[in-house]
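Please look through the following note with the model open beside you. The points begin with the ligand and then turn to the helices.

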Amino acid sequence: MEKIIVGNFKMNLEKEEISNYIKQIQKNRYYKKAVYCPSFLYIPYFSEKDIPVGAQTISSYNEGAHTGEISAKQIKSVGASHVIIGHSERRNYGKETNEEIYLKIKEALKENLKVILCIGEKEEEIEKRKEVIKVQIEESLKDLPKENIIIAYEPIWAIGTGKVMNQEEIKKVSLTIKNIVKESKVLYGGSVNEKNIKSLAKIEEIDGFLIGGASINPEVFLKIIEVAVTM
Ligand code: PGA
């Protein structure tokens, strides 16, 4: 089955670079096969060209006096179809809790956005990985409908470090997640790049990939997309 590919640009690229990025990707026939998640500012640059686009987070509030926040409704109104919620960097620097993540997901689902819920253990939690991800999933989703939820499993020690999890482990975790949330698609994230995508894309238990560093360079990202959707 065709893999889902999501690019998380994080806080990278400025206006000119984004315009060039878009020009570059449009030269490739597979560019619409990925969801691009740039900073909020640039969401319309993608949606206006009919390119699948998502945000990297949203507010847990609906509207009103929340200076600096951006709501699910607002990202929807500029054409986003997806939103990443609970990325480990937001849990870490933004001190996001599972309870807040739950509220954000609730807001996103009200707007019919597809949610990419990020979960994953820290290095010191590897031994109790199952427990950690079970709590993250259960506390973040509670009784919410699951159809529009995609779970991105990203072991924190593999993010931006060049360390990829071993494939047998990836399979195992994916099955564990699917046992907890039967309807969910599961993505793997953490140091996926143009070199390792060939072997990672063969893992049937994984439905796609969340890609950080390697999504910022259009040529590199397109190589990844092409491999993942044509395997
Ligand atoms: P990475 O990041 O691909 O740079 O490891 C993944 C992520 O943080 O989503």
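1. How many residues surround the ligand, and which are the closest? The shell holds 13 residues, and the closest are Lys10, His87, Glu154, Gly160 and Ser191, where a residue is counted if one of its heavy atoms lies within 4 Å of the molecule.

2. Please keep in mind that this is a predicted model, in which local features need pLDDT of at least 70 and side-chain atom pairs count only at pLDDT 80 or more, while totals for chains, interfaces and linings use all residues. Residues are numbered from 1 along each chain as its sequence is written, and side-chain values use heavy atoms, with hydrogens and water left out.

3. A polar side-chain atom of Glu154 lies 2.7 Å from a ligand oxygen atom, whereas Ser191 has a polar backbone atom 2.8 Å from an oxygen atom of the ligand, and for a polar backbone atom of Gly212 the distance to a ligand oxygen is 2.8 Å. The ligand taken alone exposes 280 Å², of which the protein buries 96%, with areas from the Shrake-Rupley method and a 1.4 Å probe.

4. By residue class, the shell around the ligand has four nonpolar, seven polar and two charged members; Asp, Glu, Lys and Arg count as charged, and Gly is among the polar ones.

5. Two packed helices are described by the angle between their axes and the distance between the axes. Helices here are DSSP runs (H or I, at least four residues), numbered from the N terminus, and their axes are lines fitted to C-alpha atoms over the stretch in contact, with angles from 0 to 180 degrees between N-to-C directions. H5 (residues 98-110) packs on H6 (residues 129-141) at about 45 degrees, with axes 7 Å apart.

Methods:
Polar contact = N/O pair within 3.5 Å; in protein donor to acceptor, adjacent residues only side chain to side chain. Helix = DSSP H or I, 4+ residues; strand = E, 2+ residues; numbered from the N terminus.
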